[in-house]
Amino acid sequence: MRSWQIIRWGEPLEPRDYPDPVPEGRQVVLRVLASGICHSDLHIWQGYFDLGGGERLDITTRGIQLPFTLGHEVLGEVVAVGPDVHEVRPGDRRIVYPWIGCGGCPDCARGDELLCPRPRVVGTWRDGGYSTHVLVPDARYLVPYDGLDPAVACTYACSGVTALSALKKTGLRRDDQTLLLVGCGGVGLQALQMARAVVRGRIAVAEPDAKKREAARAAGADAVIDNSDPKAAVQAVKDFSGGGADAAIDFVGRPETARFALDSLRPKGGTLVVVGLYGDRLVYPLPLFPLRVLTVRGSYVGTLDDLRDVVRFAREGRLPPLPVTRVPLEKVNEAMADLAAGRITGRIVLVP
Ligand SMILES: [Zn+2]
Ligand SMILES: [Zn+2]
């Protein structure tokens with residue numbers, strides 16, 4: 001197999017050839033058909049998350065060794081299965097659910113794999129899908145996607161479940177409520193497309209980029225706001241929602257987007273869900289948490305059931321396909337540069 005790997009943090013990926021993996025026990029090997037490039041791949045590739053104030057969360061302290069193969073939105077065709085695998089066989093096509101726990105800790109035993117302290121995530125802890133082949137630790141993490149475009153369906157493994165999980169955390173249940181989506185990149189756009197299937201209420205999208213605002217309009221946002229001037233944009237959200245959004249999801253995760261989202265919430269009882277990992281830190285007055293009865297929570301990817309739900313929405317026609325740009329695997333470095341420069345609407349998907 002040929003994998004495009006991080007050899008040195010932050011430097012262009014390089015191809016490396018290895019023997020095809022041989023699955024043991026419950027393992028499955030897939031030939032990769034499509035592999036999405038997620039914005040978080042850019043952070044992992046750099047080797048750190050920016051915590052602000054000169055502090056970094058170093059990826060190497062989480063146990064990732066180089067060379068490493070990125071790619072956690074992977075879909076492929078089964079080519080080999082371990083002796084204990086009975087639910088799939090060679091030729092089957094599946095999406096890989098990548099957010100896999102250790103399988104042995106109390107969190108995993110309860111089914112809270114996302115809380116596992118020793119994860120085995122495909123593409124962030126273990127070698128992922130920027131490759132011709134990928135090894136999956138257990139066949140239970142493979143989800144069928146029959147009838148869907150592979151290049152779109154692979155994005156459900158991260159972008160899709162992240163959008164669904166964040167939408168659920170807003171808790172919006174009434175038609176007179178307003179949800180504000182901040183940032184309309186790959187995940188923000190996916191959330192907008194999925195919102196009608198998950199939450200009630202009106203949806204406003206804030207996005208400084210004109211092309212992405214156009215995509216939000218086309219995807220049916222009730223209001224589309226340019227937040228390059230945050231003060232005017234806060235007022236626009238308040239005017240649209242009649243006093244402030246009931247919930248906001250920050251898909252960017254920068255100080256200015258989180259602050260804009262908090263300022264756009266209704267005076268009391270609003271919820272902010274932070275999803276984006278862009279970096280730096282938020283400074284916010286502590287007395288306003290109690291006085292505004294604020295809820296601020298983080299949301300990270302989603303569960304195996306979330307992935308099955310997203311696939312079901314798509315099959316039922318309740319989730320229009322995310323715009324995807326197909327790029328040959330060997331063009332991965334150019335594709336990552338395009339994503340980093342914000343030149344992409346929707347998702348880039350690598351095709352080996
Ligand atoms: Zn991702
Ligand atoms: Zn565990």
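## Strand β17 and its partners

Gly 36 stands opposite Val 349 in β17. The strand that pairs with β17 here is β3 (residues 28-37), antiparallel, over 3 bridges. Two strands count as paired if DSSP finds at least two bridges between them. Helices (H or I, at least four residues) and strands (E, at least two) are DSSP runs, numbered from the N terminus.

This is a predicted model: local features need pLDDT of at least 70, side-chain atom pairs count only at pLDDT 80 or more, and totals for chains, interfaces and linings use all residues. Residues are numbered from 1 along each chain as its sequence is written, while chains are lettered from A and ligands numbered from 1 in the order in which they are written.

Strand β16 (residues 324-328) runs parallel to β17, joined by 5 bridges. Val 327 has Leu 350 of β17 as its bridge partner. With helix α11 (residues 332-340) between them in the naming, β16 and β17 make a right-handed β-α-β unit. Right-handed means that, with the strands pointing away from the viewer, the path from the first strand over the helix to the second runs clockwise.

Strand β17 (residues 347-351) has 4 of its 5 residues buried, so it is largely enclosed by the rest of the structure. A buried residue has 20 or more other C-beta atoms within 10 Å of its own, with C-beta atoms placed from the backbone.

## The six-stranded sheet

An open sheet of 6 strands pairs in parallel, in the order β12-β11-β10-β13-β14-β15. Its edge strands, β12 (223-225) and β15 (295-298), each pair on one side only. The twist averages 15° from one strand to the next. Axes are lines fitted to C-alpha atoms, for helices over the stretch in contact; angles run from 0 to 180 degrees between N-to-C directions.

Strand β14 (residues 271-274) pairs with β15 in the parallel sense over 4 bridges. Val 274 stands opposite Gly 298 in β15. Helix α5 (residues 186-198) packs on the sheet and touches β10 (178-182), β11 (202-206) and β13 (247-250). The direction of α5 makes about 160° with that of β10. Contact requires C-beta atoms, placed from the backbone, within 7 Å.

## Helices α7 and α8

The axes of α7 (residues 230-241) and α8 (residues 255-264) come within 9 Å and cross at roughly 35°. Pro 230, Ala 233, Val 234 and Val 237 in α7 meet Glu 256, Phe 260, Asp 263 and Ser 264 in α8.

Key
Two residues are in contact if their C-beta atoms, placed from the backbone, lie within 7 Å. A residue is buried if 20 or more other C-beta atoms lie within 10 Å of its own, exposed if 12 or fewer, and partly exposed in between; C-beta atoms are placed from the backbone.
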